[in-house]
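Keep the model open beside the text.

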Amino acid sequence: MAYLPEVTRHGLFSMQVCVPADFTDDQVSSFAERECPCGTEHGWSIRREGDEALQGYPERMPCNERDGCVHIMLDA
């Protein structure tokens, strides 16, 4: 089953999206910007592997509810 991307959490300076695992970084950023425009010059950026805010979790965390999808955090 193919799932559509969705915003799972949204804050003032961060958001989490659940997207198909084969989404490119550009697709992830474009989706996030369409759904919740960031309002900054550079828009949303993906929180990268090794960022302290990920607390050791991977950049693309497999979704427990939607097979073939991953959760990705983005920052303003």
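Buried means under 20% relative accessible area, exposed means over 50%, and partly exposed lies in between (1.4 Å probe, protein chains only). This is a predicted model, in which local features need pLDDT of at least 70 and side-chain atom pairs count only at pLDDT 80 or more, while totals for chains, interfaces and linings use all residues. Residues are numbered from 1 along each chain as its sequence is written, and side-chain values use heavy atoms, with hydrogens and water left out.

Start with the elements. Helices (H or I, at least four residues) and strands (E, at least two) are DSSP runs, numbered from the N terminus. Read from the N terminus, their order is β-β-α-β-β-β.

Next, the overall dimensions. A compact globule of 76 residues would have a radius of gyration near 11 Å, and the chain agrees because its value is 12 Å. That radius is taken over C-alpha atoms, and the globule rule is 2.2 Å times the number of residues to the power 0.38. Along the principal axes, the C-alpha atoms fill a box of roughly 35 × 30 × 20 Å. Of the 76 residues, 34% count as buried.

The surface comes next. The chain exposes about 5100 Å², and carbon and sulfur atoms supply 50% of it. Accessible areas come from the Shrake-Rupley method with a 1.4 Å probe; for residues, only the protein chains shown count as cover. There are 6 positive and 14 negative side chains. Lys and Arg count as positive and Asp and Glu as negative, with His and the chain ends not counted. The centres of the two sets lie 3 Å apart, with each charge placed at NZ of Lys, CZ of Arg, CG of Asp or CD of Glu.

Now follow the strands. Two strands pair if DSSP finds at least two bridges between them. Strand 1 (residues 6-10) and strand 2 (residues 14-20) pair in the antiparallel sense over four bridges. They form a hairpin with three residues between them. In this pair, arginine 9 stands opposite glutamine 16 of strand 2.

How much of strand 2 is buried? Six of its seven residues are, so strand 2 is largely enclosed by the rest of the structure. Strand 2 also pairs with strand 5, in the antiparallel sense, over seven bridges. Valine 17 has isoleucine 72 of strand 5 as its bridge partner, and valine 19 stands opposite valine 70.

Strand 5 (residues 69-75) is mostly covered, with six of its seven residues buried. Strand 3 (residues 45-46) pairs with strand 5 in the antiparallel sense over two bridges. Here isoleucine 46 is partnered with leucine 74. Strand 4 (residues 61-62) and strand 5 are antiparallel too, over two bridges. Proline 62 stands opposite valine 70 of strand 5. The hairpin of strand 4 and strand 5 has six residues between the strands, and in it glycine 68 takes a positive phi near 85°.

Turn to the helix. Valine 28 sits in helix 1 (residues 25-35). Which class does valine 28 fall into? Valine 28 counts as buried because its relative accessibility is 0%. Contact means heavy atoms within 4.5 Å. Not counting residues up to four places away in sequence, valine 28 touches Val17, Val19, Phe23, Ile46, Arg60, Ile72 and Leu74. Proline 5 is 23 residues from valine 28 in sequence, yet their C-alpha atoms are 8.6 Å apart.

Valine 7 belongs to strand 1. At 28% relative accessibility, valine 7 counts as partly exposed. Beyond four places in sequence, valine 7 is in contact with Met15, Gln16, Val17, Phe31, Glu35 and Cys36. Glutamate 35 lies 28 residues from valine 7 in sequence and 7.6 Å away, C-alpha to C-alpha.

Contacts across the sequence can also be counted over the chain. Among contacts between residues at least 6 apart in sequence, 56% join residues at least 24 apart.

Last, a loop residue. Glutamine 55 lies in the loop between strand 3 and strand 4. Its phi is near 50°, a positive value in a residue other than glycine. Glutamine 55 is exposed, with a relative accessible area of 64%.
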